[in-house]
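Subject: Structure for your review

Dear colleague,

Please find below the structure that I am handing over to you. My notes on what was found in it follow directly after.

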Amino acid sequence: MTPAEINKKWDVLQQRIAEDFDNEKPDIKVMLFLIGVQELGQGPRKFSKRQKEELMHIATCRLMSMMGFYELEGLDQDGWPHWKRVKVIPNYTLLEQEMLMKSLIVNYFEEMDGEN
């Protein structure tokens, strides 16, 4: 996808999530949190600040696994997924990082929609 296509799909996804949650348009951090909750698979509940950070890390690893950078190691005793990095991640510029994350988030939600 080109940056213009990514941004267009990103805007559509943001609008959809905002409507689904009756809230304002989510930024990348909010999207990562939502993906983390989805990947944890324990449903919505109250999370501590540390758990929210861990959920965003889970989401980042899950997204980067789509490019072969991470592999799922397994679940801990509380059911939280643990990932290991298996490939060096290139030093992307901030703009490249943002575009990459938007693209991966869009792809993630497209995959999820395909499963429903």
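In these notes, a residue is called buried at under 20% relative accessible area, exposed at over 50%, and partly exposed in between, with a 1.4 Å probe and protein chains only. By that rule Lys-102, at 10% relative accessibility, counts as buried.

Before going further, please note that this is a predicted model, in which local features need pLDDT of at least 70 and side-chain atom pairs count only at pLDDT 80 or more, while totals for chains, interfaces and linings use all residues. Residues are numbered from 1 along each chain as its sequence is written, and side-chain values use heavy atoms, with hydrogens and water left out.

Helices (H or I, at least four residues) and strands (E, at least two) are DSSP runs, numbered from the N terminus.

Lys-102 and its surroundings

Lys-102 belongs to helix α4, which covers residues 94-115. Contact here means heavy atoms within 4.5 Å. Apart from neighbours within four places in sequence, Lys-102 is in contact with Ile-6, Asn-7, Trp-10 and Ile-28. With one of these, Asn-7, there is a polar contact between the two side chains, at 3.2 Å. A polar contact is a pair of N or O atoms within 3.5 Å; within protein, one must be able to donate a hydrogen and the other to accept it, and residues adjacent in sequence count only if both atoms are side-chain atoms.

Met-1 and Ser-103

Ser-103 also lies in helix α4, and with a relative accessibility of 14% it counts as buried. Leaving out residues up to four places away in sequence, Ser-103 touches Met-1 and Ile-6. Met-1 is found in the segment before α1 (3-20) and counts as partly exposed, at 47% relative accessibility. Although Met-1 and Ser-103 are 102 residues apart along the chain, their C-alpha atoms are separated by 7.9 Å. Beyond neighbours within four places in sequence, the contacts of Met-1 are Ile-6, Lys-9, Ser-103, Val-106 and Asn-107.

The expected span of a helix is 1.5 Å times one less than its number of residues. Helix α2 has 13 residues and reaches 18 Å from its first C-alpha to its last, close to the expected 18 Å.

Where they meet, α2 contributes Lys-29, Leu-32, Phe-33, Ile-35, Gly-36, Val-37, Glu-39 and Leu-40, and α3 contributes Lys-52, Leu-55, Met-56, Ile-58, Ala-59, Thr-60, Arg-62 and Leu-63. By class, the contact of α2 with α3 has 10 nonpolar, two polar and four charged residues. Ala, Val, Leu, Ile, Met, Phe, Trp, Tyr, Cys and Pro count as nonpolar, Asp, Glu, Lys and Arg as charged, and the others, Gly among them, as polar.

The buried residues of α2 include Leu-32, Ile-35, Gly-36, Val-37 and Leu-40; in α3 they include Leu-55, Ile-58, Ala-59, Arg-62 and Leu-63. At the start of α2, a side-chain oxygen of Asp-27 comes to within 3.1 Å of the backbone nitrogen of Lys-29. Just after α2, Gly-41 has a positive phi of about 75 degrees.

Asp-22, in the loop between α1 and α2, is exposed, with a relative accessible area of 75%. Its phi is near 50 degrees, a positive value in a residue other than glycine.

Met-67 sits in the loop between α3 and β1 (70-75) and counts as partly exposed, at 30% relative accessibility. Not counting residues up to four places away in sequence, Met-67 touches Lys-87, Tyr-92, Leu-100 and Leu-104.

In strand β1 lies Gly-74, which is partly exposed at 23% relative accessibility.

Yours sincerely
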